[in-house]
Amino acid sequence: MSMFGGGAQQVDTTIHNPGKVIHNVTAGHHEVQPDQISWGSKLGEGAMAQIFRARIKLPNGEVQECVAKKLKHGTEPNSQAYKDLVMELDILTSVQKHPNLVEFYGACIKDTQSP
């Protein structure tokens, strides 16, 4: 629930077209192959995802240190965690590069049933 103008309002967090979001990642410049990621130490975790220190090999050959989010094994495509990740990807792939924002390098989605 979110409060606006004194009344309660339900916020719609439904992914209306998750296939389109996955397609935007795989067809754009945002897809990262598994062999381009070197996983480091775990920095933290939530109920359905873990955050790791990582290194990613960029298309220009440069290796960049980064932080990576990974859904826990067994996360179902119809779960809220999966839907939240797809929503994050939708936002991150549409935001333009800006000096005050963390840069999005890409997503590895080899198995769309378990990103």
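Modeller: We shall take the overall fold, then the ring contacts, the salt bridges and a surface patch.
The model is a predicted one: local features need pLDDT of at least 70, side-chain atom pairs count only at pLDDT 80 or more, and totals for chains, interfaces and linings use all residues. Residues are numbered from 1 along each chain as its sequence is written, and side-chain values use heavy atoms, with hydrogens and water left out.

Colleague: How many helices and strands does the protein chain contain?

Modeller: Helices (H or I, at least four residues) and strands (E, at least two) are DSSP runs, numbered from the N terminus. Here the protein chain has two helices and five strands, and their order along the sequence is β-β-α-β-β-β-α.

Colleague: Which strand does strand 3 pair with, and in which direction do the two run?

Modeller: Two strands pair if DSSP finds at least two bridges between them. Strand 3 and strand 4 run antiparallel and are joined by six bridges. With three residues between them, the two strands form a hairpin. Within this pairing, W39 has A54 of strand 4 as its bridge partner. In a regular strand the side chains alternate between the two faces of the sheet.

Colleague: How many aromatic pairs are there?

Modeller: Rings of Phe, Tyr and Trp (its six-membered ring) pair if their centres lie within 6.5 Å; planes under 30 degrees apart count as stacked, over 60 as edge-to-face and the rest as tilted. By this rule there is one aromatic pair. The ring centres of W39 and F52 are 5.3 Å apart and the planes stand at 80°, so the pair is edge-to-face. W39 belongs to strand 3 (residues 37-45) and F52 to strand 4 (residues 49-57), and the two are 13 residues apart.

Colleague: Is F52 buried or exposed?

Modeller: Buried means under 20% relative accessible area, exposed over 50%, and partly exposed in between (1.4 Å probe, protein chains only). F52 is buried because its relative accessibility is 13%, whereas W39, at 40%, is partly exposed. Of the 115 residues in the protein chain, 23% are buried.

Colleague: Which residue lies over the face of W39?

Modeller: A charge sits over a ring if NZ of Lys or CZ of Arg is within 6 Å of the ring centre and within 35 degrees of the ring normal. K70 lies over the face of W39, at 4.9 Å from the ring centre.

Colleague: How many salt bridges does a search of the whole structure find?

Modeller: Side chains of opposite charge can pair when their charged atoms come close. A salt bridge is a side-chain nitrogen of Lys or Arg within 4 Å of a carboxyl oxygen of Asp or Glu. The search finds five. One of them joins K72 and E45, at 2.6 Å from N to O. K72 lies in the loop between strand 5 (63-71) and helix 2, and E45 in strand 3, so the pair ties together parts 27 residues apart in sequence. K42, E45 and K72 are linked in a network of salt bridges.
Another salt bridge joins E65 and R55, with the closest N and O atoms 3.7 Å apart. E65 is in strand 5 and R55 in strand 4, so this pair connects parts ten residues apart in sequence.

Colleague: Which residues form the nonpolar patch on the surface?

Modeller: Patches are made of residues with over 30% relative accessible area and no salt bridge: like charges are joined within 9 Å, nonpolar side chains (Val, Leu, Ile, Met, Phe, Trp, Tyr) within 5 Å. Accessible areas come from the Shrake-Rupley method with a 1.4 Å probe; for residues, only the protein chains shown count as cover. The patch consists of I91, V95 and L101, with about 260 Å² of accessible area together. V95 lies in the segment after helix 2 (80-92) and, at 39% relative accessibility, is partly exposed.
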